[in-house]
Amino acid sequence: MPMMPYVSPEQAMKDKADYARKGISRGKSVVAVAYDGGVLFVGENPSTTLRKISEIYDRIAFAAVGKYNEFEQLRVAGIRLADAKGYQYAREDVTGRALANAYAAALGGAFTESFKPFEVELLVAEIAGDGVELYHILYDGSIGDEEGFVAIGGSAEAINERLKEAFRPGMSRDQALQSARQALVGAEDRQIGAERLEVAGLDRNRGRRKFFRMTPAAVASALAPAEDEASARADR
Amino acid sequence: MRLPGPLPDGGSGFGAMGDPFDLSAPSFSALLRRQVPDAFAGTFSGGGPAAPDHVEGTTIVALAYGDGVVIAGDRRATSGNVISKRDMRKVFEADRWSAVGISGAAGPAMEMAKIFATELEHYEKVEGAPLSLEGKANKLAQMVRVNLPLAMQGLVVVPLFAGYDPRDRVARIYEFDAAGGRYEERRFASTGSGGRDARGSLKARYRPDLDRAAAADTVIEALWDAADEDSATGGPDLVRGIYPLVAVIDADGYTELDDQAVAERVQAVIDGRRGR
């Protein structure tokens, strides 16, 4: 029988965490910002078909960074859980908290049990009454709830710092989009055109299904005032 | 709480990611059968005597006009010769671009409408794009076919499906039989115990150049004619203010006519028929 070299549990977990973090930091970041009508997700995504932000249920949305095939699998599993639960009980019984816990359990289980951890970081947002609940789930299953805004992905720390300054409770949707873009641009230290942004969110003023997606044209026109201001400042 | 599906390993042999070529992946009813078999209505298949006759007599009509399609249903539910409900909803929004009208046994029929609507939303969310109109009709046909064992015991469900295809900009109507046969109708269709009378009425009044208002009037007249002849189809209930449910699906999506608008059209029909 071949001898396996001894690896301490601490070392094994650390190696897995490093591996997952490295995978996640290769991708682009996504931010969620609460605004007066709900919550807005903004992410840099050159693809217009392979989405990072998605509808899960009436009041619940999902965003992810990291390895696409892995979070796509988690996204579909979340939709299945939500639809099956809403069918068996009632639509209002499907909550973001339960979904976030399911994701945390799945990621935590995979992190400890399997050879390769998921290289993903997830956000689950829910419109609950007048407020917004934001859950942040990491590759190892750790979960936290956030207030107002949160960034996930490789540059999350730098983006969060910038958002902390720009965030104002009760911002309009366009203001939220502008500050999210500025935070992304500032952290990445390069320009990100409107056509490279994937923007979607939850709007409590919509009907049963609160999820919406902004077209590139709508994103460009929402960002236009901020751009005019920036160029005016540059002219001066 | 456990995530349904192949996470982390559903034993599919494809490892942690499940079977990527699973044909039933975007299907909600397949998910229910797999995960919550007790909740799925279509799996009941015991023998024994025919189920009690809680069959809902109904008339559902649909009519395609230039820019869309109207679908309407009466509001009466019967149990034998007893009127068991007067304000029953038999026309349901399936998704933004389609509606399903149900006739047959009330319980399984409403269940089918509910699963069907969830099915369409589920597919749209998983795949990122809605099913084509024909795809929706085929899915509904499969659900009727799955119900066949129940139908053999008397719990027949026969839906009527109407929708608008925003890609082709055409409205289509699909009729079904109890065995899951699916038949597309170009102009109008009806189902339920009063369906024959409604069809005669539609046949007499249909013109290819109907507009939205005229199409709504025509289906209200057809429901009136059906209620006039069929005891299991309810006419407008002026005393309680219960009117047929009329829905329109066009380029703007699904909308239901409000009670006030239907009441006015019903009054016009009544005035036109006085003495006949």
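Which residue is the bridge partner of Leu63(B) in strand 3 of chain B? It's Val70(B), and the views below, all taken from a predicted model, start with that pair.

**View 1. A strand pair in chain B, with Leu63(B) across from Val70(B).** Here we're looking at strand 2 (residues 60-65) and strand 3 (residues 68-73) of chain B, which pair in the antiparallel sense. As a reminder, strands of a sheet pair through backbone hydrogen bonds, either parallel or antiparallel.

**View 2. The open sheet of chain B, five strands in the order 11-2-3-12-13.** Pairing in this sheet is antiparallel. At the edges sit strand 11 (188-191) and strand 13 (253-256) of chain B, each with pairing on one side only. Going from one strand to the next, the twist averages 15 degrees. Helix 6 (residues 212-229) of chain B lies across strand 2, strand 3, strand 12 (245-250) and strand 13 of chain B. Check the direction of helix 6 of chain B against strand 2 of chain B: the angle is about 155 degrees.

**View 3. The open sheet of chain A, five strands in the order 8-1-2-9-10.** This sheet has antiparallel pairing. Its edge strands are strand 8 (149-152) and strand 10 (211-213) of chain A, each of them pairing on one side only. The twist from one strand to the next comes out at an average of 15 degrees.

**View 4. Strand 9 meets strand 10 in chain A.** Zoom in on strand 9 (residues 197-203) of chain A, which runs antiparallel to strand 10 of chain A and is joined to it by three bridges. One residue to look for is Ala200(A), which stands opposite Arg213(A) in strand 10 of chain A.

**View 5. Two helices packed on the sheet of chain A.** Helix 4 (residues 156-166) of chain A touches strand 1 (30-35) and strand 8 of chain A. Its direction makes about 160 degrees with that of strand 8 of chain A. Helix 5 (residues 173-188) of chain A touches strand 1, strand 2 (38-44), strand 9 and strand 10 of chain A. The direction of helix 5 of chain A makes about 30 degrees with that of strand 2 of chain A.

**View 6. Where chain A and chain B come together, burying about 2300 Å² between them.** Of that buried area, 63% is on carbon and sulfur atoms. Chain A puts 30 residues into the contact and chain B puts in 24 residues. In chain A, the residues that lose the most area to chain B are Gln73(A), Arg80(A) and Tyr87(A), together 36% of what that side buries.

**View 7. Polar and charged links across the interface of chain A and chain B.** Four salt bridges cross here, and ten residue pairs are in polar contact. One salt bridge joins Glu124(B) to Arg209(A), with the closest N and O atoms 3.2 Å apart.

**View 8. The side of chain A that touches chain B, with its largest share from helix 2 of chain A.** That share is 17 residues. Strand 3 (53-57), helix 2 (68-88) and helix 3 (96-113) of chain A each supply at least two residues. By type, the residues on this side of chain A divide into 15 nonpolar, four polar and eleven charged.

Conventions: Residues are numbered from 1 along each chain as its sequence is written. Chains are lettered from A and ligands numbered from 1 in the order in which they are written. This is a predicted model: local features need pLDDT of at least 70, side-chain atom pairs count only at pLDDT 80 or more; totals for chains, interfaces and linings use all residues. Side-chain values use heavy atoms; hydrogens and water are left out. Two strands pair if DSSP finds at least two bridges between them. Helices (H or I, at least four residues) and strands (E, at least two) are DSSP runs, numbered from the N terminus. Axes are lines fitted to C-alpha atoms, for helices over the stretch in contact, and angles run from 0 to 180 degrees between N-to-C directions. Contact means heavy atoms within 4.5 Å. Buried area is the accessible area (1.4 Å probe) that two parts lose on being put together, summed over both. A salt bridge is a side-chain nitrogen of Lys or Arg within 4 Å of a carboxyl oxygen of Asp or Glu. A polar contact is a pair of N or O atoms within 3.5 Å; within protein, one must be able to donate a hydrogen and the other to accept it, and residues adjacent in sequence count only if both atoms are side-chain atoms. Ala, Val, Leu, Ile, Met, Phe, Trp, Tyr, Cys and Pro count as nonpolar, Asp, Glu, Lys and Arg as charged, and the others, Gly among them, as polar.
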